[in-house]
Amino acid sequence: MTKPVVLIAEELSPATLDALGPDFEIRHCDGANREELLPALADVDAILIRSATKMDAEAIAAARNLKVIARAGVGLDNVDTPAATKAGVMVVNAPTSNITSAAELAVGLLLATARNIAPANEALKGGAWKRSQYGGIELLDKTVGVIGFGRIGQLVAERLKGFGMNILAYDPYANAQRAGQLGVQLVGLDDLLAASDFITIHLPKTPETAGLIGKEALTKVKPTVRIVNAARGGIIDEDALAEAIREGRVAGAGLDVFNTEPTTQSPLFEFESVVVTPHLGASTEEAQEKAGVAVARSVRLALSGDLVPDAVNVDGGHVPEEVRPGIALVENLGRIFTALAGACPVQLDVDVKGEITEHDVSIWKLSALKGLFSDITDDPVTYVNAPLMAAERGCEVRLLTDPAAYDFRNVTELRGTLADGRIVSVAGTLTGPRMVPKVIGINGFDLEVPLSEHMAFFTYEDRPGVIGQIGNLLGDANVNIASMQVARNAEATEALVALTLDSKIPDDVLSGIADVVDTDAVQVVDLA
């Protein structure tokens, strides 16, 4: 059996290769060299990169078998995520790999600005003992404003609390309970700017945050404030900050990130009160190893067909263990729906009932779409591009949940409206301690049939002798029936037969069955 190919395009830690394990063919190339990268992508299943490899639309198009792009780090500026999504390629990163390193560097920059460590170091190494010139300030009882109270901002707050600082935080999406646990007061941005002796920034760069600390914001701060940015360049207007320092409206700054990188020129570099580092937030041995190991594990999950919690272009997020067994069930229900409907619905409801709704089942909506399109397109269908396929075909999808389920502990029904007004439905459940997947409803007919690789469903006007004729046709074709169930509608006028089979039904036998039941509605589903 051919092993999936994983391309390592940049230098990664040995622990990364160990985490991949022996199940892949590992290749290496210089991802920064375009002439080397593009041909190397031709038959790879996954690529692991850092910041130097540009996975743009051209590179993604050159990788015909590509299933996952794994960035061993946090930022994704060098990955064209929309192009990857359209191609059905999962994009993963390591969002928590560097949070400790970034938090610690922010604290280090804050201390360096408070105590003038950098200029004192430079002066002494240059032969000057300037003890009186480089006096500083203590952190005890000072107020620090944390802008952005996510994972890194919270770690910084925890560490600065140990210095006896008063901590304010601004974040419209902050968890108030978590802030209370850390003894942090949530305030508006203007209040934070006015009250803080130190300001440390921990925001992503977005259209809303770009230039957030600019000319206007810098008119609201204390002249003794020191500002630290170890998050993303461009959140601070560097020219405005330089002007404020020059005019004595800001005392100093500690910066690890810049609007343009790499850079060796900035108006901020002229000030002794500004401490700078060349984007070292994630540059620790521990962070690099964590990032490599994290994305290696994500690659293993992605290439085994599993969902990846750190996939940035998949809406499933973290999947609870209780929800995972239902992923395959719902995907297969989607495939059965397509066989029954023969067309894409304009509206699809994924209706989940029962105890399982105590957990986040949003991944089941993706699973349903993946199954829905798997048998109607030659393009690979993944958790990534299935929502795009639905949107392109005008299919609106809703996830509905209800904690009450009556006949089973959990029931998932796919119910779709077709363009001609027909409504098609298929329902399933997971039963027993082994969570056996079963089909329990087809278009209003109640049944209970285990999922099988080969299944057939057909409805007919209820009358004697039909089942015997179908059995004879299948027996003559040497197709063994593993199980059969017959259900009738409330009026006992129509019947539905559900078969699980040991092998595929030949086309000529299907034609014979259609003649027997006097209908064209014979649907076969091969779930192998």
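Hi everyone, let's start with helix H13, residues 325-341, and helix H14, residues 363-374: they pack at an angle of about 40 degrees, and their axes are 7 Å apart. So H13 and H14 are oblique to each other, and their crossing is right-handed. Before going further, please keep in mind that this is a predicted model.

Who makes that contact? On the H13 side you'll find Gly326, Ile327, Val330, Glu331, Gly334, Arg335, Phe337 and Thr338, and H14 brings Ile363, Trp364, Ser367, Ala368, Lys370, Gly371, Leu372 and Ser374. Sorted by class, the contact of H13 with H14 holds 7 nonpolar, 6 polar and 3 charged residues.

Now to the second pair. Helix H5, residues 99-115, packs with helix H7, residues 151-161, at an angle of about 50 degrees, with 9 Å between their axes. That angle makes H5 oblique to H7, and H5 passes H7 in a right-handed crossing. From H5, the residues Ile99, Thr100, Ala102, Ala103, Glu104, Ala106, Val107 and Leu110 meet Arg151, Ile152, Leu155, Val156, Arg159 and Leu160 of H7. The classes in the contact of H5 with H7 come to 10 nonpolar, 1 polar and 3 charged residues.

Last topic, the cysteines. How many disulfides does a search of the whole structure find? The count is 0. Take Cys395: the closest cysteine sulfur belongs to Cys344, and at 4.4 Å it is too far for a bond, because a disulfide needs the sulfur atoms within 2.5 Å. Cys395 counts as buried, at 7% relative accessibility. Cys29 counts as buried as well, with 11% relative accessibility.

How values were computed: Residues numbered from 1 in each chain as written. Predicted model: local features only at pLDDT ≥ 70, side-chain atom pairs only at ≥ 80, totals over all residues. Heavy atoms only, no water. Axes fitted to C-alpha atoms, helices over the stretch in contact; angles between N-to-C directions. Helix = DSSP H or I, 4+ residues; strand = E, 2+ residues; numbered from the N terminus. Parallel < 35°, antiparallel > 145°, perpendicular 65-115°, else oblique. Left-handed = near helix turned anticlockwise from the far one by under 90°. Contact = heavy atoms within 4.5 Å. Nonpolar A, V, L, I, M, F, W, Y, C, P; charged D, E, K, R; others polar. Buried < 20%, exposed > 50% of the residue type's maximum accessible area, 1.4 Å probe, protein only.
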